[in-house]
Amino acid sequence: MKKLFRFLTSCIIISILLLTTLTLWLFIPSTTDPYLHFPDDLRQNPLLQRNPDSPEAEGPFNLGNLMYFDEKSYIDGTRIKPGQDPYGKNAFNQEVSDDIPAGRQISDQRQVQCKIQNYQIAGLPATSVVICYHNEARSTLLRTVVSILDRSPPELIKEIILVDDFSDDIETGRLLLTIPKVQLIRTEKREGLVRARVMGANAATAPVLTFLDSHCECSPVWLQPLLQRIVEKRNIIVSPIIDIISMDNFKYISASSELKGGFDWNLHFKWDTLTNRDKQNRLSSIDPISTPMIAGGLFSVERNYFFDIGSYDKDMDIWGGENFEISFRVWQCHGAVEIIPCSRVGHVFRKKHPYTFPEGNGPTYTKNTKRAAEVWMDGYKEYYYAARPGARGFPAGDLTERKKLRADLNCKSFRWYLENIYPEMLPSTDQRIGVIKNIDNYCLDTLGHTSHGSTVGLYPCHGEGGNQNWMTSDKHEIKNENACLCADGTFTNLLITFCSDKPECAWDLSEHTVKLLNGNKCFTRSPDNTFVVLETCQDTPTQYWEFSSLLIA
Ligand code: LR7
Ligand code: MN
């Protein structure tokens, strides 16, 4: 009897297990579906603690009390174990982050003038927030989502689209689906932030897209100023002031409201203080700041405009470069890029990438930035190549489509962009890039010699830069890549040399000659146009040189 009872119980347990597995198998969509939307009836979260007295979460949603979400179990699921490095997985202190509640208050860093602005919510379009992430910590991702819901007028948030870029832990996103408005897409392989964001943008249904990184916290009234500006001007991308969330203690620290985004010729992003000209163009300290560059991760844009203007260059991988491409593109193709000072969003800045780059960090950055430079920078890309010589021969893939986009949109030149949007970056006249050519159309050429002490020669001008590409510096140097052109000790031969402040390396190119700055010696070509020596300057066609700039108007 006892045996039969045991047998029957086992049977029942086994059937229940089988049934559950079957139901799960049937209803949970395959994780290899690239557009893995989780329908509402699958929002059955095992961590869900529904309060029977509360209505279904509709309307204003305040996660401050986390009514529908078991925050503790969610965070506990991936806590740092004793002995583990709290920085190991995320390159910020996860232990500290995990102990900070999702609905924490942050200090309001807005200027007083912002606090008295009156935004007419009824006149603003709703937005879809798109957050892509790869292996983000649960606590930071949750705080990003909760701060959006807690600090935005509910009618302005249509949905929050999480794009899980093939994270190791699929549950990090999936468990958030009990939170109202949260949608999830998972990529079927690691895509990188560009393709992940475009997937999110494709799924979005609101008239405005708002992109955020997966470790942000929105300040009070962060959204209205962004949307308001888009109502005023359609062809624009707008960014908040990006406050700093400390990667060590997660304190919310105010960033300066007098900064704009810029870059160097390496195509590294940097913050620039506003110039006097920038300040003169603004009547009030809460007026939009016209910025040559966006940091990249945090911005709003009208959805149709985003697609009309070419969304992103989808051949950019993993991380980096897309902010250059989109900023150049929007400015050059008749739009504008602005920072809206009354909107503030915090971001966890860190010192290194916590994740892997399948093709390596350096090569990926080179590929992405080279694509931006090749399509948008015209002749000024030579400054990029001069700063990043390794990029010149680096394969960056097919650019036809992006170049066609530029032509179709009838976009302006990079020179226009520099002159009008980023004049500080206009190379000065003593920092020219071009070829040094003689009367027979032969150009000074490294002939591929790059080692210290090697000679240069002449070669028919081919107009492709490379070995014939010379850059002058404000120290009167003539450089190819990182090497200088210097006279040898006897002032007769020209050599490729390490740059130094020696008088042998300083030249004057002003008079259709290339003359030693401190001496009466001039570049002189051999009669057969094969090599160059130094001879006493005199009025002769063999000493005639033209510095011709490669820069296109
Ligand atoms: O393969 C990846 N897949 C992803 O989904 C790699 C990254 N990501 C996600 C990642 O989880 C994060 O949410 O993409 C987002 C950005 O990656 P981060 O946070 O590692 O980048 P970052 O903050 O160091 O870098 C800044 O520059 C990037 C250039 O590609 C992006 O534009 C980031 O969005 C951008 N961040 C900001 O603009 C915030 C302010 C930083 C500054 C200055
Ligand atoms: Mn980030």
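Colleague: Which of the 25 residues around ligand 1 come nearest?

Modeller: The model is predicted. The shell around ligand 1 draws two or more residues from each of β1 (127-133), α7 (193-203) and α11 (322-332). Of the 25 residues around the ligand, those that come nearest are D165, S214, A295, G296 and G297.

Colleague: How do the residues of the shell around ligand 1 divide into nonpolar, polar and charged?

Modeller: The shell around ligand 1 holds 25 residues. They divide into eleven nonpolar, nine polar and five charged.

Colleague: Which residue with a positive phi follows α11?

Modeller: Q332 is among the buried residues of α11. After the helix comes a residue with phi near 75°, and that residue is H334.

Colleague: Is L267 buried or exposed?

Modeller: L267 sits in the loop between β8 (259-263) and β9 (269-273). Its phi is positive, near 60°, although the residue is not glycine. Because L267 has 25 C-beta neighbours inside 10 Å and the cut-off is 20 or more, L267 counts as buried.

Colleague: And N441, is that residue buried or exposed?

Modeller: N441 also has a positive phi, near 65°, and is not glycine. Its place is the loop between β13 (433-438) and β14 (442-445). Within 10 Å there are 11 other C-beta atoms, and the limit for this class is 12 or fewer, so N441 is exposed.

Colleague: What class does I80 fall into, with 19 C-beta neighbours inside 10 Å?

Modeller: I80 lies in the loop between α2 (71-76) and α3 (94-98). A buried residue needs 20 or more neighbours and an exposed one has 12 or fewer, so with 19 the residue I80 counts as partly exposed.

Colleague: Which residues touch the most other members of the largest nonpolar core?

Modeller: Nonpolar side chains tend to be buried together in soluble globular proteins. The largest nonpolar core here has 89 residues, and those that touch the most other members are V130, I131, V145, I160, L162 and V163. A second, separate core of 26 residues includes V456, L485, L494 and F523.

Colleague: Which residues is L162 in contact with, apart from neighbours within four places in sequence?

Modeller: L162 is one of the residues that touch the most other members of the largest core. Beyond four places in sequence, its contacts are I131, Y133, G173, L176, V182, Q183 and L184.

Colleague: How far apart do the C-alpha centres of domain 1 and domain 2 lie?

Modeller: The chain is divided into domain 1 (40-348) and domain 2 (433-549). The separation of their C-alpha centres is 52 Å.

Colleague: What share of the residues in the chain is buried?

Modeller: The chain has 15 helices and 25 strands. Among contacts between residues at least 6 apart in sequence, 73% join residues at least 24 apart. Of the 553 residues, the buried share is 40%.

Terms used:
Residues numbered from 1 in each chain as written. Chains lettered and ligands numbered in written order. Predicted model: local features only at pLDDT ≥ 70, side-chain atom pairs only at ≥ 80, totals over all residues. Helix = DSSP H or I, 4+ residues; strand = E, 2+ residues; numbered from the N terminus. Near = placed C-beta within 6 Å. Nonpolar A, V, L, I, M, F, W, Y, C, P; charged D, E, K, R; others polar. Domains from an automatic or database assignment. Core = buried A, V, L, I, M, F, W, Y, C linked by C-beta atoms within 7 Å. Contact = placed C-beta atoms within 7 Å.
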